[in-house]
Amino acid sequence: MDGSPKTSMPELMAVLRSSSDFIQYGNKGVTAKYWISYFRTLIDSKMLHESVLAVLSKEDWSSLEELKDSVPVENIILTSDTDVVKEKLLQGFIMVSLSEYGQSCLLIRVFMEKARQVSLPEVEFSVVGPKEAFVESLESNIHLIRKRMPSDQLRIREINIGKLTRTKVAVLYVENIANDENVRTVWQRLNGIEIDHISDSSVLTQIMSDNHHSPFPQLLDSERPDRVVSILSEGKIVIVVDGSPQVLIGPSTLVEFFSAFDDYFFNYIVASFFRIVRLASVAFSILVTPVYVAALNFHYELIPRDLLNTLVSSREEIPLPPILEAVFLELTIELLREAGARLPTKVGQTIGIVGGIVIGTASVEAGLTSNVLLIIVALAALASFTTPVYKMSNTIRLVRFPFLLFAEFYGLLGIVFCFCVLATHLLKLSSLGRPFLEPIYPPRSADMKDALIRLPFSMMSKRPIQLRTQQPIRFDKKRASQNKDIDE
């Protein structure tokens with residue numbers, strides 16, 4: 001218990017009146033006497049006049065209880081606690097009392113809700129499947145989830161985080177499926193956050209991560225309500241932040257960052273092929289430039305003679321060593337990416353296409369880079385775009401540079417060393433206390449059915465083992481097979 005004395009109502013009103021958008025009005029007429037206080041920038045003025053003032057002005061109310069039953073607004077609080085009054089006034093409530101500094105008052109929610117309309121997904125867009133994406137409103141996002149999961153087992157717990165912003169954060173999970181330990185872990189970490197403001201769910205990702213010094217994101221983020229509902233049914237925990245169009249999902253695994261939700265809209269053979277292509281593209285994006293540098297510096301005897309002649313002829317007039325040539329092109333690609341991302345959409349697309357062509361052609365003609373390496377770097381950049389999750393794509397871009405430097409000094413041995421360091425780091429990582437590299441390590445064959453490849457839905461009768469769900473079985477596989485074969 002806080003031993004400090006509570007603020008009195010006159011003291012609270014004096015503090016709030018220092019803000020120019022705070023309104024305190026007293027109607028001292030004969031017919032109806034009341035005092036009303038609110039922040040005009042937070043409330044819906046139309047609702048205030050039609051639903052509240054119209055009722056207040058009808059007669060002289062004798063008690064707040066009687067008034068509470070007459071106001072046609074669902075969220076009304078009767079309280080005498082000044083801390084509650086201050087909190088609710090800052091959340092879009094109005095305070096109504098029958099005397100200027102009465103001990104008790106009514107708090108009526110007339111919050112002005114201004115939010116972007118539900119639109120198409122921008123990051124996780126798919127040709128097949130639903131076309132709805134989350135917006136910046138917590139209420140709208142929970143509505144999109146509830147609409148797809150009308151279950152009485154869906155639980156929502158809310159908390160305010162940030163000493164200044166008091167950002168509302170909601171934790172969603174399915175009771176009797178989600179592991180209680182996972183729910184407690186999420187709730188304890190949210191309660192333990194000490195920060196002055198939360199501007200986006202990305203801030204929570206960094207604060208709640210098991211390893212703050214890892215470049216790998218340890219909580220999956222998504223803008224698709226359909227994906228979130230699917231993950232909730234698996235037994236995972238979802239965190240929705242007011243003001244953010246991305247929700248957080250945990251515990252997460254590495255393979256989930258390379259799985260697009262489109263995979264579940266196609267035949268499992270097609271989906272598995274595209275998933276393998278993504279994983280191969282990531283490996284190609286990280287390794288192809290370092291292997292080029294290592295081969296030219298230390299292991300040219302491994303290159304076929306015909307290809308070696310092509311490489312030698314392309315580098316005849318290049319004054320730079322392979323490492324500087326590669327770093328120059330890699331940094332050029334990164335500059336074009338950043339410029340395209342920061343500029344307006346139409347200008348950014350022009351910069352990315354025209355800039356890449358002009359700079360690439362000019363660097364080859366000027367003798368700064370070889371045409372072979374230009375093709376290799378362009379393919380590596382293209383391969384990195386196949387990663388469905390943007391944050392993981394940024395990590396892949398960063399990981400490439402240590403491989404490149406070690407390839408310059410130690411050749412293929414340096415690449416192997418970097419791979420060992422990376423693998424060790426991933427083995428030590430966890431997401432909400434669960435292994436990040438599962439089901440690769442610890443090896444769990446049962447979870448491989450939806451990891452590197454995707455098997456048919458009929459073979460996914462069990463939820464992931466690592467989640468330790470209360471109901472491991474999704475459906476009776478044998479009964480489902482029998483029902484399918486019943487003659488109509």
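**Pockets and sheet**

Tutor: In this predicted model, 50 residues line the largest pocket, and those nearest its centre are Arg337, Ala341, Phe385, Tyr390 and Arg397.

Student: Which element gives the most residues to the lining of the largest pocket?

Tutor: The elements that give two or more residues to this lining are α7, α11 (322-342), α12 (345-365), α13 (371-384) and α14 (390-410). The largest contribution to the lining of the largest pocket is 10 residues, and the element that supplies them is α12.

Student: How many residues in the lining of the second largest pocket are charged?

Tutor: The second largest pocket has a volume of about 830 Å³ and is lined by 30 residues, including Arg166 and Asp242. By class, its lining has eight nonpolar and nine polar residues, and the number of charged residues is 13.

Student: Which strands are the edge strands of the five-stranded open sheet?

Tutor: The sheet has antiparallel pairing and the order β6-β7-β9-β10-β8. An edge strand pairs on one side only, which holds here for β6 (154-161) and β8 (220-222).

Student: What is the bridge partner of Asp221 in β10?

Tutor: β8 and β10 (residues 247-250) pair in the antiparallel sense over three bridges. In β10, the residue bridged to Asp221 is Leu248.

Student: How far apart are the end C-alpha atoms of residues 402-427?

Tutor: The unreviewed UniProt entry places a "transmembrane region" at residues 402-427, among others. This stretch is 96% helix and 0% strand, and the distance between its end C-alpha atoms is 19 Å.

Note on methods
Residues are numbered from 1 along each chain as its sequence is written. This is a predicted model: local features need pLDDT of at least 70, side-chain atom pairs count only at pLDDT 80 or more; totals for chains, interfaces and linings use all residues. Side-chain values use heavy atoms; hydrogens and water are left out. Two strands pair if DSSP finds at least two bridges between them. Helices (H or I, at least four residues) and strands (E, at least two) are DSSP runs, numbered from the N terminus. UniProt positions are given in the numbering used here, feature names are shortened, and annotations may be inferred rather than shown by experiment. On a 1 Å grid over the protein atoms alone, a cavity is a set of points where a 1.4 Å probe fits but cannot get out, and a pocket is an open set with protein on both sides within 12 Å along at least five of seven lines; lining residues have an atom within 4 Å of a point. Grid points are joined across faces, edges and corners, and a volume is the space filled by probe spheres set on the points. Ala, Val, Leu, Ile, Met, Phe, Trp, Tyr, Cys and Pro count as nonpolar, Asp, Glu, Lys and Arg as charged, and the others, Gly among them, as polar.
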